[in-house]
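My entries follow in the order in which I looked.

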Amino acid sequence: MTDVVATNQTILVVGGGISGMTAALEAAECGKDVVLVEKNAALGGRVSQLYRYFPKLCHPTCGLEINLRRLKAQRRVHLLTSAEVIGVTGTSGDYTATVRIRPRYVNDKCTACGECAKVVQAQFPDEFNYGLSQRKGAYLPFNMAYPQRYVLDPAIIGTEDAERAKAACRYDAIDLDMQEETMAVKAGAIVWATGWSPYDAAKIQPYGYDRYPNVITSVEFERMMDPFGPTGGKLLRPSDGKEAKDVAFIQCAGSRDRNHLAHCSRICCMASLKQSTYVGEQFADQGRATIYYIDIRAIDRFEDFYTKVKESSTVDFVKSKVASITEDKATGDPILHGVDTEGYHRYSNRHDLVVLAIGMEPSVPKDVLPVDVLVNRNGFIEMDETNGGIFAAGCASDALDVNRSVQNATASALRAIQIINRTAAAVPDSAGVEAKHALAAEG
Amino acid sequence: MDDLNLAMRDRYRNNFLQEVEANVEEGEWAKMCMQCGVCSGSCPFGPHWDHPPQEIFMMIRANKREEVLSSTSMWLCTSCYNCIVRCPREIPITHIMHGLASYAQRLGLAPKEQPTRKFGLMFWDNIEKNGRVNESILGIKLYFMNGFKEGVKTAYKMAPVGWNMLRTKRFNPFALIPFLHKRCKKRSDIQAILRKAQQIENARTVRFGTAGG
């Protein structure tokens, strides 16, 4: 694993979500060597947790499959999973990143047969399903996980479970002596694609996410639709497992709010419009979705989607930021209280389930960011000359949807390539001479 | 901003919005409201308001001067601060409501029979005369705020409470007798301070025409 050969001609991509994968592949397909570092045990990031994309309503697994194929065919990308960048020193054209690799306890002999998971007893909240279900202490992160290898939870190491897993493995793939490693990776340029996290919904006190089981977030709702997800693809209420036929969506849950995130998270309007179609997909005319909003932000082709959803007889729109939610103790129904802006009518509306269209915040907070870059007041990395050869991609740079993240990542890859080319031209080693010739040939 | 933009901005900032910005405490925030409605939905007295805060902000921007200033709405604010805490733009709504009420009072447009206003005036009168609050007199006046008959009824109803307060020395009956109750020393100084404050406030008030203008 430590046989990574990296030079100042290498581009380091931090984060293996859709943005990081895109940046790594674009750079590699341009002939650059790339080290791709992913914190989780598998690539894919938040996109792998989505059921459908807006506005075309196709499945992200399809795009993920294409990217994984590109990656498998690409010898220039060196992938490190369960790995985190904990420090970066140096300047543009000559960086050294310290990468910490957590032990996976499973080597590359793993065939993903799943025998280890069968014998392990300990269970943990499944991160992939935002804790809505449990996974074993030996697990495949998700069905499409790449690398397609199991992982042992560090909590079972030293227990009988670990021994049972080792005994069950017929391929000698489990290595309980694996240790944490730290390595130095050289790079000429860095693409920082660490993505986003959903804002902590419990902080929005009046909505009672921490008190009422039938108040969930949009990312959790998304997992419910996955046929392999925590509810087997059914929209069920967490409190009693009843079908959630009447779903309320609350927009700007944590976004555009100086008490929480000051910025607009950009994706939530379209996400809720998309998710309102899930209710229709599941219950047809029996389903009902109500979207509570300040204003709907959908432009261009997104506006066409909005118009289409608005025409639906099963989707209602209420122009109002919900003031508070209470719970009917007997039924577990959440009741939404507020005043609408079109006529100032006071309402107390009962629904089966409330989905908070939760805001997006950078997954690496400003104060723990291991690189020296300019960060704006919302925590996103600014495009700035003082950042040198470090470029943010995707949601590390701003609240972006997948489409715009991919565009943004491609642009960042191009900027990183420019740094590498300049470095190559300045240093007359063999690679540099080659690059110089290439530049000369291009005129 | 170039001149054209400034000119357009001024057209949108109608007279009443400018008046609120100039003369009402924290009034410059009125234009920041994005009409989300959280304040109205969070107000415990919300159902009793003619116009909830969100609507008041919109009315200010729609130049509805008379309707806003003569409204009873902002007099219902109990300063619970729910709206300020929840406002996504951190608009000091409570302060603006009190600011509007007090501005309406200064202009003589406040609703005459609004009980909060009546009590406020009584409180002010009491403090101005004595240099401190005489709670006994203020309490009795409050009983008789709605006429003699009502006052006797209320006093009778409250007698047991008064008796208990008397026993535990929380109430001094001598404070009800003129010239015997405690006033602050040199209350003429306090009155001078209040007059000066009034003067400063009057000087700072920008004159605006009446509605529409």
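Before taking any distance between domains I noted that the domain bounds come from an automatic or database domain assignment. I also noted that this is a predicted model, in which local features need pLDDT of at least 70 and side-chain atom pairs count only at pLDDT 80 or more, while totals for chains, interfaces and linings use all residues. Residues are numbered from 1 along each chain as its sequence is written, and chains are lettered from A and ligands numbered from 1 in the order in which they are written.

I then looked up their contacts (two residues are in contact if their C-beta atoms, placed from the backbone, lie within 7 Å), and found eleven residues of domain 1 of chain A against eight of domain 2 of chain A. On the domain 1 side of chain A, five of these residues are nonpolar, six are polar and none is charged; here Ala, Val, Leu, Ile, Met, Phe, Trp, Tyr, Cys and Pro count as nonpolar, Asp, Glu, Lys and Arg as charged, and the others, Gly among them, as polar. In chain B the assignment gives domain 1 as 3–111 and domain 2 as 115–201, with C-alpha centres 31 Å apart.

**Between the chains.** I found 17 residues of chain B in contact with 17 residues of chain A. Helices and strands are DSSP runs numbered from the N terminus (H or I, at least four residues, for helices; E, at least two, for strands). On the chain B side, α3 (38–42) and α4 (53–61) each supply at least two residues, and α3(B) gives the largest share, four residues. By class, the chain B side has six nonpolar, seven polar and four charged residues.

**The sheet in chain A.** I traced an open, parallel sheet of five strands in the order β3-β2-β1-β11-β22, where two strands pair if DSSP finds at least two bridges between them. Its edge strands are β3 (77–80) and β22 (390–392) of chain A, each pairing on one side only. Three bridges join β11 (189–192) to β22 in chain A, and A:Trp192 stands opposite A:Ala392 in β22(A). Helix α8 (402–426) of chain A packs on this sheet, touching β1 (10–14), β11 and β22 of chain A, and its direction makes about 170° with that of β11(A); axes are lines fitted to C-alpha atoms, for helices over the stretch in contact, and angles run from 0 to 180 degrees between N-to-C directions.
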